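Here is a short briefing on one protein chain. Look over the structure, then read on by topic.

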Amino acid sequence: MSIIQTEYEACEKLKAQNNSYTSGSGCSVDFDRSLCWASARLGQQMTRDCPFKFCTSIPGCEDIKEETQKLLLRYANRKKRRSELNVEKYMVSRNCNNQGVWQDTNYTMCIKVAEEYSQCLSGFCRVCPDFLRDMVISVSLTLSIVSVILLVAAIILFSVFDSIQCRRLSIHKNLATAFVFRFAVLAIWTIVQSTNLFQDCTRFHPLPIWDLEWICKTILWFVIYFQVASVMWMLIEGAFLYSRFTVFAMRHSDAPWSLYLACGWGFPFVVVSAWTIVHQYKSSQLPNSFCWVPYAQGNHLWILTGTMGTAWIMNLIFLLMIVVILVQKLRTENSAESKKIWRTIKATLLLVPLLGVSNIPLFYEPEHPSSVYMLGSAILQHSQGIFIAVLYCFLNSEIQGALKRQLSKVPFEFFKSRNRFETERTYVPETRNATKNGVPMEELNGTKKIESENIESQEQANSSDKQIYSVPTKS
């Protein structure tokens, strides 16, 4: 229970006991949104301890807390003068004026302490360090950002290749789109909550900024909507995949694409809108309810959890039936039994992240979750997009084949090996009788043959010349 809630309940008890002055004789019990002030006489100044929460987990802060408590104890016992102890800086003061009206509470001294020991106090939107909480937030935010980047790349690869477009790939694209928006909005929500964007941090106990409540509700609504939408698209994946393994696909034609869109995007809108109406009515009955928080409470939460739980259970049934079909099919093949078992296990593990079956153990959250549960839940929920992008896009043989065909058309001349058409020749002087494997180099190079042919042709030309120009002589 928070300090504010404790102080508020204390004031309600004092009011129920009629522990107040009559009008004009003093100030009645009052709650200033941080502390409860008991009734006081006219002109009386009331003091209370600063509502500090020391972060004892920080080294050195435990000593500061003990020192503060000792000073307050001394002041309460009035063993020394206030000026010597300088205890005012650890107190909150409030005056009851002569008209019987409370004046504004003076938190100046508490603010000074907060400035002096800010690293040891929890207040003004600062919280005590918690390793587990910080670890869960960091893991969730990091995995969400990585999932968004990989899923966007997967959607681009799913869309650019016309040769592989089919109904199954269209379902993959919508599932990836739902996860992109889910993790993106969830990352925004995490940042908003951790930075206290909708809180007025000028007070020790922050107050909500009511003018920004509609923005907070809008972000939260989209967080819930895309979570339900992603689960519905996982159900569509399971139903479509199971239909491909049965004779249903051969006896019936595919349903119209508009029906897929209505189930994947329209049905979650109806479910979340119904929850919004009920939750808005419930939260309006609660005092100081801001931004539907806490939203994971109440019987009407079953509108959301029932829808998602039913989808996950149906996908589990689809997965078990697909495994049965795979086992029956592998038994008919002539392969070793160990290979059959391994192929079945591999196919089952690949379908688990696609169908969201891994979320079933996290469907029920214990009242006091352990560190293992919180960290494991953050990893499983926020890494699902990474598994889908890697297993069903980057490792998909169809995507890899289409990408290779597309890259083969790009002229990467710089990376290709150049064909060499020229032949290397060795210069051998004519005077050298060089040989290679016992054969003269002149014959290998063709020089000797050419010379002999030239000599023969020259001799024939000379003989013909002699015949032409020769004149027979008479004897």
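Start with one side chain: a polar atom of the Ser-243 side chain lies 2.5 Å from the backbone oxygen of Phe-240. Ser-243 belongs to helix α7, which covers residues 213–244. The model is a predicted one. The points below go from this serine to its helix, then to the whole chain and to some individual residues.

- Ser-243 has a relative accessible area of 10%, so it counts as buried, the cut-off being under 20%.
- Its polar side-chain atom has the backbone oxygen of Phe-240 at 2.5 Å.
- Ile-215 is also placed in α7.
- Ile-215 has a relative accessibility of 29% and is therefore partly exposed.

**Packing of α7 with α9**
- A packed helix pair is described by the angle and the distance between the two axes.
- The partner here is helix α9, residues 257–284.
- The axes of α7 and α9 come within 9 Å and cross at roughly 140 degrees.
- The crossing of α7 past α9 is right-handed.
- Sorted by class, this contact of α7 with α9 holds 20 nonpolar residues, four polar residues and one charged residue.

**Annotated transmembrane regions**
- An unreviewed UniProt entry gives the feature "transmembrane region" at residues 135–158, 179–198, 218–236, 257–281, 301–327, 347–364 and 370–395.
- In the model, residues 218–236 are 100% helix and 0% strand.
- The end C-alpha atoms of residues 218–236 are 27 Å apart.
- Residues 301–327 are 96% helix and 0% strand.
- For residues 301–327, the end C-alpha atoms are 39 Å apart.

**The chain as a whole**
- The protein chain contains 16 helices and 10 strands.
- It has 475 residues, and 36% of them count as buried.
- Take the contacts with a separation of 6 or more: 68% of them join residues 24 or more positions apart.

**Cys-110 and Cys-50**
- Cys-110 sits in helix α4, residues 108–116.
- The relative accessibility of Cys-110 is 3%, so this cysteine counts as buried.
- Cys-110 and Cys-50 are separated by 60 residues in sequence.
- In space, their C-alpha atoms are 5.9 Å apart.

- Asn-196 is not a glycine, yet its phi is positive, at about 55 degrees.
- Asn-196 lies in the loop between α6 (167–195) and β7 (199–200).
- With a relative accessible area of 23%, Asn-196 is partly exposed.
- Cys-291 is not a glycine either, and has a positive phi of about 60 degrees.
- Cys-291 is in the loop between α9 and α10 (302–331).
- Cys-291 has a relative accessible area of 0%, so it is buried.

- Ile-215, in α7, and Cys-291, in the loop between α9 and α10, are 76 residues apart along the chain.
- The C-alpha atoms of Ile-215 and Cys-291 are separated by 8.8 Å.
- Ile-215 is partly exposed, whereas Cys-291 is buried.

Notes: Residues are numbered from 1 along each chain as its sequence is written. This is a predicted model: local features need pLDDT of at least 70, side-chain atom pairs count only at pLDDT 80 or more; totals for chains, interfaces and linings use all residues. Side-chain values use heavy atoms; hydrogens and water are left out. Helices (H or I, at least four residues) and strands (E, at least two) are DSSP runs, numbered from the N terminus. Buried means under 20% relative accessible area, exposed over 50%, partly exposed in between (1.4 Å probe, protein chains only). A polar contact is a pair of N or O atoms within 3.5 Å; within protein, one must be able to donate a hydrogen and the other to accept it, and residues adjacent in sequence count only if both atoms are side-chain atoms. Axes are lines fitted to C-alpha atoms, for helices over the stretch in contact, and angles run from 0 to 180 degrees between N-to-C directions. A crossing is left-handed if the near helix is turned anticlockwise from the far one by less than a right angle, and right-handed if clockwise. Ala, Val, Leu, Ile, Met, Phe, Trp, Tyr, Cys and Pro count as nonpolar, Asp, Glu, Lys and Arg as charged, and the others, Gly among them, as polar. UniProt positions are given in the numbering used here, feature names are shortened, and annotations may be inferred rather than shown by experiment. Contact means heavy atoms within 4.5 Å.
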